[in-house]
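Trainee: I would like to go through some labels and ask what lies behind them.
Mentor: Go ahead, and we will set each value against its definition.

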Amino acid sequence: MASLSPAQAIAAVTAALAQLPPAESIPESDRLQLLGVMDQVRVAMEPPILTARNLCFAHYGLVGIRGRFPPDHRAVGGDGQGRKLRCVRSAIDGSSVGRILRLLAANHLVIQAADQTYQPLPLALGFTTGSPLAEVIKHFYTNMRASAFLDEYLASHEYRNPEDAWNAPFQWAYQTQEHHFAWLQTHPEDQHAFNVVMGLNRQLDGAQWFDVYPVEDKLRVSPHRVRLVDVGGGLGHDVARCKARFPDMPGKLVVEDLPAVIREIQTPLGEDVEAIACDMFAAQPVHGAKAYYLRTVLHDWPDQQALQVLGRIHEAMAEDSVLLVNENTLPEQAAPAGSVAVDILMMELYASLERTEKQWIDLLQRAHFTVVKVWRAESQGVGSHALYEAVPVGRAL
Ligand SMILES: C[S@@+](CC[C@H](N)C(=O)[O-])C[C@H]1O[C@@H](n2cnc3c(N)ncnc32)[C@H](O)[C@@H]1O
């Protein structure tokens with residue numbers, strides 16, 4: 001095939017983009033594939049100096065939004081519906097707002113309509129104060145301080161893999177001896193942001209665990225029995241989705257988490273769903289449930305603590321109970337960029353890690369479980385995850 005000249009390639013890509021249907025009408029998996037192709041173009045074309053520049057400036061979009069968009073309602077006039085923002089004060093009279101709005105304009109969130117007037121683009125409306133995406137930004141803005149200390153931390157520990165959950169870059173950055181989860185409990189805004197982020201997690205990951213695991217066959221119980229305990233289940237978003245998917249299945253659902261998290265649950269989770277405040281390192285309050293389920297809970301902990309949590313569940317299981325571990329699972333090769341970033345995030349906040357399938361199976365075996373089957377969704381979205389179905393060693397399913 002004859003190669004295109006740069007001008008022909010630009011014309012061909014521009015023409016193809018002009019013919020694309022509106023993004024909302026394209027299935028998500030196709031959109032992700034298209035973005036992957038665009039990224040290949042970027043990697044192939046970008047001169048290294050531009051790569052360096054993009055990497056160095058990557059966090060400024062996040063800095064601009066900072067979970068408080070618009071940055072200050074009092075300093076930014078509007079039409080009351082968030083449709084039009086007018087920067088009342090400018091950089092000249094000492095306010096920083098004008099400069100932040102200019103940064104947001106360069107990041108395609110607002111457009112400069114007139115001299116001091118900015119109008120939000122559709123994307124910006126998703127990031128307004130209190131919106132879920134604003135909470136995501138806030139959460140990662142807080143985490144950025146731990147990132148800033150990572151290299152200093154590793155150098156001072158001779159680049160050993162961190163394994164002490166109470167001595168990670170997070171503790172250095174925030175000058176605290178508290179574990180990140182204890183620290184969150186005394187920082188309600190960050191705790192709230194964390195909980196919101198967990199609720200959004202996995203939205204880009206293709207199918208849900210209950211689309212893959214035969215829930216109706218495997219977790220059928222009598223009406224009075226607990227069908228599933230979601231250990232470290234956050235605000236109960238996963239349990240609520242499962243309930244909505246199988247509204248008539250008998251049995252109770254339980255979500256367990258730390259008191260500060262359970263207190264945040266505002267809307268009732270539904271009939272037959274109970275929320276219990278507890279510590280997963282202490283004795284499990286629900287004995288004999290059909291399933292004990294953990295989604296992205298163990299990845300927050302190094303092996304030592306993960307084994308303790310699994311031990312508390314093991315003690316509470318009945319003859320026919322099953323353990324379901326829904327976890328990010330790094331492929332041995334070509335791990336997706338987002339997944340390896342989460343691996344480093346785990347290191348920074350918790351001295352923990354994202355594990356490979358081999359590491360998960362090894363961990364579960366050390367906790368005296370036999371992995372019966374590893375369930376995977378065909379579509380993995382932007383991540384890589386699996387559901388580990390396990391039973392206590394010596395028991396058949
Ligand atoms: C990464 S989040 C995952 C939340 C939820 N399972 C999900 O996938 O969205 C980990 C959860 O573990 C909870 N957690 C941490 N330490 C805990 C403890 N000692 N006892 C109970 N829950 C705990 C956190 O509050 C948080 O909600």
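Trainee: Why is H108 called exposed?
Mentor: First, this is a predicted model, in which local features need pLDDT of at least 70, side-chain atom pairs count only at pLDDT 80 or more, and totals for chains, interfaces and linings use all residues. Residues are numbered from 1 along each chain as its sequence is written, and side-chain values use heavy atoms, with hydrogens and water left out. Buried means under 20% relative accessible area, exposed over 50%, and partly exposed in between, with a 1.4 Å probe and protein chains only. H108 has 58% relative accessibility, so H108 counts as exposed.

Trainee: What makes Y159 exposed?
Mentor: The relative accessible area of Y159 is 52%, and therefore Y159 is exposed. Y159 also has a positive phi of about 60°, although Y159 is not a glycine.

Trainee: Where does Y159 lie?
Mentor: Y159 is in the loop between α8 (150-156) and α9 (169-174). Helices (H or I, at least four residues) and strands (E, at least two) are DSSP runs, numbered from the N terminus. H108 sits in the loop between α5 (97-106) and β3 (110-114).

Trainee: Why is C242 called buried?
Mentor: C242 has 4% relative accessibility, so C242 counts as buried. C278 is buried because its relative accessible area is 18%.
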